[in-house]
Amino acid sequence: MPKRTDIHKILIIGSGPIVIGQACEFDYSGTQACKALKADGYELVLVNSNPATIMTDPELADHTYVEPLTAEYLEAIIERERPDAVLPTVGGQTALNLAVELSEKGVLERYAVQLIGASLEAIKMAEDRLLFKDAMRRIGLDVPASVVVTTEEAATRAAEQIGFPLVIRPSFTLGGTGSGIVYNREEFEEAVRLGLQLSPVHEVLIEESVLGWKEFELEVMRDHADNAVVICSIENFDPMGVHTGDSVTVAPAQTLTDKEYQRMRDAAFQVIRAVGVETGGSNIQFAVEPRTGRMVVIEMNPRVSRSSALASKATGFPIAKIAARLAVGYRLDEIPNDITRKTPSCFEPTIDYVVVKIPKWASEKFPDADHTLGTQMKSVGEVMAIGRTFKEALMKGLRSLETGRKPLAPPADPSELVRRLTTPNPDRLWHIFFALGAGHSVESLAELTRIDPWFLAQIAQIVELQGELKRAGMEALDSQGWREAKRFGLSDQQLAELWSVDADSVRRRRLELGIRPVFKRVDTCAGEFESFTPYLYSSYEEEDEANPSGRNKVMILGSGPNRIGQGIEFDYCCCHAAFALKAMGFETIMVNCNPETVSTDYDTSDRLYFEPLTFEDVMAIVDEEKPMGLIVQFGGQTPLNLARALQAAGVPILGTPPESIDLAEDRERFGRLLARMKIPQPANGAAMNVEEALKIAARIGYPVLLRPSYVLGGRAMVIVYDEASLARYVRRAEELQGAFPILVDRFLEAATEVDVDALADGEDVVVAGIMEHIEEAGIHSGDSSCVLPAVQISHDALRLLRDYTVRLARELHVVGLMNVQYAIQNGTVYVLEVNPRASRTVPYVSKATGVPLAKVAAQLMAGRKLREFGLKPELPVRPYFVKSPVFPFLKMPGADTILGPEMKSTGEVMGVGESFGMAFAKAQQAASQKLPVEGTVFLSVNDHDKPRIVGLARELADLGFRLVGTRGTAGVLRRAGISVETVYKVNEGRPNVVDLIKSAKIDLIINTPLGRASYFDEKAIRRAAVQQGVTCITTLSAAAAAVGGIRARREEEIRVGSLQELHRKGTAALRRSLSAVEQPLGQ
Amino acid sequence: MLALEDGRVFRGRGYGAPGERSGEVVFNTSLWGYQEILTDPSYAGQIVILTYPHIGNYGTNPLDAESARPFAEALVVRELAELASSWRSTEEVSHYLEQFGMPVIAGIDTRALVRHLRQYGAMRGVISTVDLDPLSLVAKAKASPSMIGLDLASRVSTPERYEWNEPSANIYGDTAWKPPTRFHVVAYDYGIKRNILRRLADVGCRVTVVPATTPASDVLAMKPDGVFLSNGPGDPEPVDYAVKAVRELMGRVPIFGICLGHQIIGLALGGKTYKLKFGHHGGNHPVLNLETQKVEITAQNHGFAVDPDSLKLSEVALTHMNLNDQTLEGLRHKTMPLFSVQYHPEASPGPHDAGYLFGHFVKMIEEWKG
């Protein structure tokens, strides 16, 4: 049966901003769905609030809406576009929840829109734990004992019945928000209370704990003819109790006999049929008791997921793409397998390698938060590694994480070791290595960690070999021994550490002995059929299958695992580089190790190497492929860190020379350059110790901004106001390696911060976007909302910004992209930082201007000139585009939500509006920061802000808000004749402001920090706000924008528009120029 | 060391029993089920490469053996587990195989070997832990007997007739439910797997297993309700005694054949069989049921196939087709009670999608008996 012809126009819902639990895997799945359905001739409407996605590129759908993912906006889009069907299964939980809401509100019926991919009944049965468990019991499958409750009393009764430990799971929350394991009455009561609040239906499941059981997942697909296949099995290294997103996972399942696996497979099909997922992919989780083999069904996701993205990358079977085609009526056996071409997609991939996924956490960003791993996901990214054995894949995965740490790093304290092994935490894997090295047995570790002994025995083999290698020494090791070491996945760097030599000499010796990796293909079939898709991984084996072409090729280094400060934006740029260079006739080669991304789709570039981004691994590919150039400026800091070493090894780097990158990062040389160019920068200095730092601070004046010389996403950056704090910071830095010199900058208070992105070809420069930050300077640029075009910057300042940007691009010989951060204080424009590479804001500026900056930049790097593209010297922007950050605080119990120079946001959204207020309001809504249109506003501001709060308060009062304030703030307002109630601070008595927030009596909080004294008070306010879902604004500039947004929401109607409409004029010629280059350059 | 007849040599590390074995080198792409594979008598005369690199992870146990002992000549793997981790395991793989005298070679680039066989076809090979001279081993491989024309079925078949009544067990070995016995089925043992017998018992058959060479008259004398033709190793053509017996049984009693049994039916119907380049050995082969248009994921293990063009389509309906290479996977007679499949509906190892065929057999018997 071919595709359906009764539907023509399909709405695809994306997953919104990157948050913990929902990352770029949904850009990957949504992009695949768009490509597949468009190729099948459907007219596509796409909605996603996240501008940093490939799926929101205007080429992928016919009508692309970057609008908030709320029922209100979805209805407006549906009303306007009148799609025949909506596909909600490729946009994560967000899209599924929206589909349910739209259906329940009667929107789908009103506009005669069908749900395809999953029915409402199926979504509800899979999502509602009670319905799901009943269904499982009906078909005879075992599930953990459980009770669903809606009150605290019922919860207590259930707990008595089942017994501790218990799992608490609120219904319908994202990424397991609010779930956890409780061991006692006290923890239980708190978790139930929070869970009932968090669940949109005020429902919590209380469940028998299967803590410590083995955890498995099956990725299942089914078509409407009821053909069902398992694409991939995944075994979790970390047993039940750790969210699968926080577990090290392995494909395929390693420790199941065929009879057990087939039992699980049968059960999975029973599940997908019982739930009623008629077409598409589902992820089904099982737990198996390790001593008895008892198997229980844990849950199912009736949609593509993080695991299905992993499964797709692990097997070469594109689940989302196939799922989209099944949703429009194809059968599995009608869709060919892209990789083998001759065989159909109706089969079960088999693999002849091992895949290991390792999560990456951002613990260092949230020092106050509890980092114990449980049922609530906390990791912000992940890496995947492919090896011929588990050992090889694990070691490749560990080096892909870029943690810079060594497997055998000494532990903090031996007694601490046991606790760190028993309680799951981000460092547990390292502790296992250490414990094995320190003589713990596999059995004792299995006992402590409940990790399957098979995995531990594999790690024990690695540890043992490391010991042997160390004893043997580098010179004495024969080529057999070298080969063994490399087959175990040990990197040159690790060997160098074992032997206390430098990595270069290890590399030299290894190459002398002719020990080099070969490249094997991921082919879905374990070599049974020929593979036509060069999707490769390295291994120390005999036969090389890479079969490189003789074409002119460019290699693009990706950005590795997502982390705060380096995420989807860079993957977006890398993909664009691949598209743009392909259009120029180059063969494109992508190197990356992040399974969530579009860049690691084998469709994105001509050749894909799924490999760690280290010098050793990249050089092996360079040696194999011999590309004419490498692109390092699109993948964030990860490839930049390799640039010098690669260049030194003779690898041609395209675009801006690495020397310029170095120059921009070297504060001293760069300072001299700015001085020579007569461009102001904040007074600064570099200190090697406390005394020097104090001296510099005394010279330039407080407050000062302190940071280590190497910075990513503002790591370890602080603003200090006095000598004591400065000394404390510098002393702490002394414990870290490589933190010095410490950079000391004058901090510009109450300044406006501006980000500028520019394109340059070495001669000409185009100012792509001048982004005005809504938060004042001092908040990390990634955490600040910003607006295009600038709304409050004076003409003179704009002129200076343009002038400085153009001159800097020329001076640094930028070919490609450049980002400059400026601060404007009292009319003076200061340069804070120059990054001669793609920045986080490139996709946002691209979406706002309609000019795909990364594509243009990639072609510039490959030799084209800016004048060929016909761009204006400064790209025009109309109407208003606001970018707002999204924070993970809800997932990080205990973390402080205050913003500062250290970046904390995981993702971003864009709001588009005819007025700045409307664009801001939309961005806030898209970021789930509720801007109330009525109710009560709590105000508490520091003395510095008090004069300026009056105007805002008056405006809020005019809009009909009730105002409450702390004593000081209320006094100021009252004196200005504004009616306001006084409320206690936390330490002043009760009921205080936190009580009010917790009892839902506050709708908006404006609280600017008062300094260290009231820190805990404010922290309590902010935490309560996070838990209650009340927006808490911590800067006056943001408060002003919020008030504008509220006004816009009250006075303007909801309007939605597609990017294609916004950019129809003006960019057509550019697109032609980008996609149709007559002959490949660089011949 | 492993040497192929075309001169390619692989060096690895020996496990299991020391010694020297020759056979046809084939690869199986199943991710699980190594014990079932090695104990499947259809692998007699073959050196088996398992494409999944980690083998032995969950050890071995008595329930997963498909016959009394391993039948493959030798095993080739990328890595053999030192530690078995499963509550079901009673013995580690290397001990288990050593006990039965099977040599294992580990540590070689099995993917390179598989790709070699894919390109040049299944070929003879020799594994040795004794003779490590490549030239000598290649010569031995060349001198070893070819699969074509070799009757292996009579070698692995039971010497004595026996009864089987035991249904499938769950993974705990419990046979919680014993169906009432309704029919008597005679099963020809050309190398039968236990799970076929269990699956027949599951659908209410009392099974008498007879040696491969049992004449049709002896079978008919037992007055069976149905006859089953089992799987088995090697080339169907030299198993002419079986073809003769099936010709005599056709139309007189309902017949169901699996794998070699299917090929024998093909020959008995006047068709021809041929050798596939490297065969089908794995647990993920998509088979289209041409009568229902549904796809079954199947376990397969065969080096020969029935040529559909050699069958008289006036008499025979083609019922199943392999979607990977469009080879014939199943047939039925249009008038006589007779059907067969090339793949393994009994699974073990492999998916259970085609398990319904045992039910079909019983239904056919019911209809035949009126």
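1. Sheet of chain A. In this predicted model, where local features need pLDDT of at least 70, side-chain atom pairs count only at pLDDT 80 or more, and totals for chains, interfaces and linings use all residues, six strands of chain A form an open sheet in the order S17-S18-S21-S20-S19-S22, with mixed pairing. Residues are numbered from 1 along each chain as its sequence is written, while chains are lettered from A and ligands numbered from 1 in the order in which they are written. Helices (H or I, at least four residues) and strands (E, at least two) are DSSP runs numbered from the N terminus, and two strands pair if DSSP finds at least two bridges between them. The edge strands are S17 (518-521) and S22 (629-631) of chain A, each of which pairs on one side only. Direction ignored, neighbouring strands of this sheet are turned by 30 degrees against each other on average; axes are lines fitted to C-alpha atoms, for helices over the stretch in contact, and angles run from 0 to 180 degrees between N-to-C directions.

2. Strand S18 (residues 535-539) and strand S21 (residues 607-610) of chain A pair in the parallel sense over two bridges. A:Tyr535 has A:Leu608 in S21(A) as its bridge partner.

3. Helices H13 and H14 of chain A. H13 (residues 414-422) and H14 (residues 428-437) of chain A pack at an angle of about 130 degrees, with their axes 9 Å apart. That angle makes H13(A) oblique to H14(A); angles under 35 degrees count as roughly parallel, over 145 as roughly antiparallel, 65 to 115 as roughly perpendicular and the rest as oblique. The crossing of H13(A) and H14(A) is left-handed, a term used if the near helix is turned anticlockwise from the far one by less than a right angle, with right-handed used if clockwise. A:Leu417, A:Arg420 and A:Leu421 of H13(A) make the contact with A:Arg428, A:His431, A:Ile432 and A:Ala435 of H14(A). Here two residues are in contact if their C-beta atoms, placed from the backbone, lie within 7 Å. By class, the contact of H13(A) with H14(A) has four nonpolar, one polar and two charged residues; Ala, Val, Leu, Ile, Met, Phe, Trp, Tyr, Cys and Pro count as nonpolar, Asp, Glu, Lys and Arg as charged, and the others, Gly among them, as polar.

4. Helices H14 and H16 of chain A. H14(A) also packs with H16 (residues 453-472) of chain A, at an angle of about 60 degrees and with the axes 9 Å apart. H14(A) is thus oblique to H16(A), and H14(A) passes H16(A) in a right-handed crossing. From H14(A), A:Ile432, A:Phe433, A:Leu436 and A:Gly437 take part, and from H16(A), A:Leu456, A:Ile459, A:Ala460 and A:Val463. This contact has seven nonpolar, one polar and no charged residues.

5. Helices H18 and H19 of chain A. The axes of H18 (residues 492-499) and H19 (residues 503-512) of chain A lie 8 Å apart, at an angle of about 110 degrees. H18(A) and H19(A) are therefore roughly perpendicular to each other, and the crossing is right-handed. In H18(A), A:Asp492, A:Gln493, A:Leu495 and A:Ala496 meet A:Ala503, A:Val506, A:Arg507 and A:Arg510 in H19(A). The contact of H18(A) with H19(A) has four nonpolar, one polar and three charged residues.

6. Sheet of chain B. Ten strands of chain B form an open sheet with mixed pairing, in the order S11-S13-S12-S14-S15-S20-S19-S18-S16-S17. S11 (162-164) and S17 of chain B each have a single partner strand, so one side of each is left without a neighbour in the sheet. The twist averages 25 degrees from one strand to the next. S11(B) runs antiparallel to S13 (residues 205-211) of chain B, joined by three bridges; B:Trp164 stands opposite B:Val207 in S13(B).

7. Domains of chain B. An automatic or database domain assignment gives domain 1 (2-143) and domain 2 (153-369) of chain B. Their contact takes 24 residues from domain 1 of chain B and 26 residues from domain 2 of chain B.

8. Interface of the two chains. Contacts link 42 residues of chain B with 47 residues of chain A. H3(B) gives the most to the side of chain B that touches chain A, with five residues. The residues on that side of chain B divide into 19 nonpolar, twelve polar and eleven charged.
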